[in-house]
Amino acid sequence: MNQFFKKKEHLSSQSNKKLKKTLGAFDLTMLGVGAVVGSGIFILPGEISSTITGPGIMLSFIIAAIGCGLAALCYSEFSSKIPQAGSAYTYSYYVFGEGIAWILGWALLLEYGLAIAAVASGWSSYVVNLLSGMNIHVVKALSGSYDPSSGHYFDLPAFIIIMIIGALLIIGVKESTRINNIMVIVKIMVVLLFIIVGIFYVKPDNWSPFLPFGFNGVLTGASMVFFAYIGFDAVSSAAEEVKNPQKNMPIGIIGALTICTILYIIVSAVLTGVVPYQNLEGVGAPVAYALQSINQNWIAGFLSLGAIVGMTTVIFVMSYGGTRLIFAMSRDGLLPKVFSKTNQKQTPVQNTVILTLSMGIVSGLVPLSELASLINIGTLFAFCTVSIGVLFLRRNHTLPSEGFNVPLYPVLPIVSFIICLYLMTNLTRTTWIAFIIWFILGIIMYFTYGIRHSKLRTK
């Protein structure tokens with residue numbers, strides 16, 4: 001148990017294996033927007049406003065952003081003071097000890113892995129439908145995850161996109177983030193196109209009543225749209241590759257969250273202003289439906305493009321975050337050494353190949369719709385740990401004190417912890433059972449491998 005709670009005490013205790021610093025504040029902001037704004041921006045506002053919030057969904061996004069923003073402030077403080085790869089896993093190593101860090105890293109592996117596979121499956125569906133509209137048909141057996149009853153055996157498009165993302169990451173983080181930045185800009189332009197066109201057709205009468213389901217509906221909606229923001233935490237995994245992390249990490253994390261919040265609110269306002277919220281119930285593509293209602297069908301193709309590009313950037317950032325998390329855990333000895341080997345560009349190639357290949361196979365074979373909520377519980381667990389961890393960070397005088405500080409300490413970190421814990425309690429029983437099973441598997445792996453090979457064990 002002494003080893004389980006043994007902490008890293010100085011940043012100099014890190015291994016000589018380091019990643020190259022190439023990223024600036026703009027790159028980090030684009031990584032954050034790339035991770036957060038996916039196809040959900042075209043779906044969630046209509047889905048939730050129709051039966052839960054009404055036009056008040058705008059308030060739901062604001063409340064969710066406040067809750068998520070508090071966690072973002074805590075991440076910003078950690079990433080500016082402990083600028084190392086591994087995100088919440090690494091932070092926990094310094095403030096809670098090795099065992100807690102392992103448990104958190106294990107939970108994040110679940111988040112990143114399932115997110116990569118699940119989003120790739122959604123990407124595949126969009127691409128297959130888009131190609132079908134162009135009279136190009138993917139062989140049915142290779143267009144969906146394994147389900148012999150429907151004629152699907154392997155989701156080849158999902159596998160291919162993950163392999164492409166893996167290849168980009170192997171080329172180098174500087175080069176691949178440039179491509180990500182271009183895709184994020186394209187995605188934002190598509191969202192802005194909808195806003196600019198739709199705003200001329202907004203009827204303020206459609207916003208009345210503003211809260212048809214009461215303020216309780218707004219709060220319920222906030223707990224649901226909270227998950228639209230999940231993904232920004234992957235930005236903190238880039239800390240070791242950031243130039244001037246004390247300044248750029250807070251700018252990147254908070255800047256990304258701000259941009260995403262503004263986009264979500266404006267899209268919700270335009271959507272519910274163009275179409276009465278009652279008419280959006282049961283509509284699978286509410287934004288496209290709104291455009292059709294105002295005879296702007298020509299933008300539908302651009303929306304499909306935006307959704308595809310949006311999901312591509314999510315896959316990219318989650319893959320990037322996953323490889324850096326595995327790199328950090330391997331460097332500490334808790335995973336096999338192969339995962340922390342780097343090439344001449346200081347890129348963890350073997351790590352990237354193994355992760356993307358395994359997630360490509362999973363996305364090709366396994367229907368992940370029922371496992372999607374596991375992504376949420378893994379992320380919220382990390383949010384809780386980082387939020388309460390700020391209290392321990394401030395008391396650890398062996399770590400740097402310079403860098404970003406969460407304002408109104410200790411109130412905001414405690415409030416962030418309570419909000420995230422509350423959201424965890426609202427998840428389904430099935431989700432908790434699956435998470436506990438994953439937790440037990442992680443404990444077994446730690447005591448059979450990690451604790452025996454830990455770099456701290458010899459110190």
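A salt bridge here is a side-chain nitrogen of Lys or Arg within 4 Å of a carboxyl oxygen of Asp or Glu. These close-ups come from a predicted model, where local features need pLDDT of at least 70, side-chain atom pairs count only at pLDDT 80 or more, and totals for chains, interfaces and linings use all residues. Residues are numbered from 1 along each chain as its sequence is written, and side-chain values use heavy atoms, leaving out hydrogens and water.

**View 1. Arg-324 and Glu-241 meet in a salt bridge.** N to O, the gap is 3.1 Å. This pair ties together distant parts of the chain, with Arg-324 in helix α11 and Glu-241 in the loop between α8 and α9, 83 residues apart. Helices are DSSP runs (H or I, at least four residues), numbered from the N terminus. Both Arg-324 and Glu-241 are buried, meaning under 20% relative accessible area; exposed is over 50%, and partly exposed falls in between (1.4 Å probe, protein chains only).

**View 2. Lys-8 pairs with Asp-332.** Their closest N and O atoms sit 2.7 Å apart in this salt bridge. Lys-8 belongs to the segment before α1 (25-36), while Asp-332 is in the loop between α11 and α12 (349-365), 324 residues away. Lys-8 and Asp-332 are both buried.

**View 3. Glu-77, Lys-81 and Arg-394 are linked in a salt-bridge network.** Glu-77 and Arg-394 come to 2.6 Å between closest N and O atoms, joining helix α3 to helix α13 (residues 372-395) across 317 residues. Glu-77 is at 0% relative accessibility, so it counts as buried, whereas Arg-394 is partly exposed at 25%.

**View 4. Ser-319 lies in helix α11.** The helix (residues 300-331) runs 47 Å from first C-alpha to last, close to the 46 Å expected at 1.5 Å a residue; that expected span is 1.5 Å times one less than the number of residues. Since 27 of its 32 residues are buried, α11 is largely enclosed by the rest of the structure. Ser-319, at 0% relative accessibility, counts as buried. Leaving aside neighbours within four places in sequence, Ser-319 is in contact (heavy atoms within 4.5 Å) with Ile-116, Ile-165, Leu-169 and Leu-355.

**View 5. Helix α2 (residues 44-53) is largely enclosed.** Eight of its 10 residues are buried, including Pro-45, Ile-48 and Ile-52. The cover over these buried residues includes α3 (57-81), α8 (214-225), α9 (245-274) and α10 (286-293). Just after α2, Gly-54 takes a positive phi of about 70 degrees.

How values were computed: Helices (H or I, at least four residues) and strands (E, at least two) are DSSP runs, numbered from the N terminus.
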